[in-house]
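Dear colleague,

Please find below the structure that I am handing over to you. My findings follow it.

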Amino acid sequence: MAEAPPGQSGPGFFATSLDSVVGLARKNSIWPLPFATSCCGIEFMSTMSAHYDLGRFGAERLSFTPRQADLLMVMGTIAKKMGPVLRQVYEQMAEPKWVIAVGACASSGGVFDTYSVLQGIDHIIPVDVYVPGCPPRPEQIIEGILRIQDVIQSEGVRRRDSEEYKQLLDQYLVK
Amino acid sequence: MFLMYLCASRIKDMQPDHIPYSFYPIFLQFCVALTFVVLVILGTHLLGPKQHGKRKDDSFECGLDSVGNARNPFAVKYFMTAILFVLFDVEIIFLYPWAVNYKKLGWFGFWEMLVFLTLLMAGFYYVLRKGVLAWEEKHRE
């Protein structure tokens with residue numbers, strides 16, 4: 001069971017801020033959209049299956065359409081030709097949305113320091129959490145999920161309507 | 001629940017016997033369930049954050065730009081073949097339990113099935129004559 005956020009409690013009632021309640025609900029029901037292009041995707045399959053079981057963190061429901069996903073998990077090498085595809089998948093996700101870059105390739109291009117490979121997906125979309133490793137172990141991917149849960153918990157209800165967020169999207173030319 | 005019971009018993013005192021007052025709690029529960037669902041659906045639409053844009057509102061094609069219209073006309077042959085398959089599929093569903101109980105049903109079952117199959121085969125003959133199953137269209141002069 002999830003821990004209750006700080007608040008006022010008495011006999012028969014509990015009061016806290018709306019932000020923390022919404023954050024609590026959001027962080028424990030992440031619907032990830034796996035964007036797996038190489039070996040990090042294989043590690044992710046292991047993360048999802050019985051031994052590591054991402055379902056323990058409320059994220060067992062994978063979504064293969066961006067419309068129903070909260071978390072875009074980019075796992076693997078993103079070639080420059082794949083860039084526009086990745087961006088469109090990100091653009092078509094419903095708000096609120098978060099992005100996690102799993103592995104060295106998605107984070108920085110990794111060993112593929114070459115003309116055809118995107119040197120990190122943060123060139124085209126905003127990234128919330130980076131998971132290092134080549135490929136990272138399932139424990140590391142789970143750690144990344146836990147950190148993204150922290151990000152989700154601390155995000156306010158109003159952030160997605162704010163001017164700052166619109167500027168961020170404009171900066172990445174997200175339409 | 002106790003409140004519902006109280007309401008029900010009060011109504012029982014007031015109403016004539018022909019009203020099914022014992023279903024009142026179920027009716028109340030139904031109303032509560034419906035209200036909850038409508039409120040949640042409306043609430044998510046009104047309160048949830050939204051961003052609209054041309055590419056965002058485009059149909060999802062695995063990250064590629066969508067090309068053309070999904071509502072293109074295509075040959076009616078596909079539809080006819082599919083619907084005929086369903087028809088004969090259902091026929092098999094009727095035939096199977098009949099075949100299992102063949103001995104028990106006796107001659108009565110036999111004649112019934114014969115009538116059924118005759119009607120169906122008449123339809124099949126009509127379909128054949130109409131040329132629905134002729135995939136390659138022949139050019140008749």
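At roughly what angle do the axes of helix 4 and helix 5 of chain B cross? The model is a predicted one, in which local features need pLDDT of at least 70 and side-chain atom pairs count only at pLDDT 80 or more, while totals for chains, interfaces and linings use all residues. Residues are numbered from 1 along each chain as its sequence is written, and chains are lettered from A and ligands numbered from 1 in the order in which they are written.

The axes of helix 4 (residues 76–100) and helix 5 (residues 102–130) of chain B cross at roughly 170 degrees and come within 10 Å. Axes are lines fitted to C-alpha atoms, for helices over the stretch in contact, and angles run from 0 to 180 degrees between N-to-C directions. Helices (H or I, at least four residues) and strands (E, at least two) are DSSP runs, numbered from the N terminus. Helix 4 of chain B is therefore roughly antiparallel to helix 5 of chain B, a term for angles over 145 degrees.

In chain A, four strands form an open sheet with parallel pairing, in the order 3-4-5-6; two strands pair if DSSP finds at least two bridges between them. Strand 3 (32–36) and strand 6 (129–131) of chain A stand at the edges with a single partner strand each, so one side of each has no neighbour in the sheet. Strand 5 (residues 98–102) of chain A pairs with strand 6 of chain A over three bridges.

Yours sincerely

Definitions and conventions. Angles under 35 degrees count as roughly parallel, over 145 as roughly antiparallel, 65 to 115 as roughly perpendicular and the rest as oblique.
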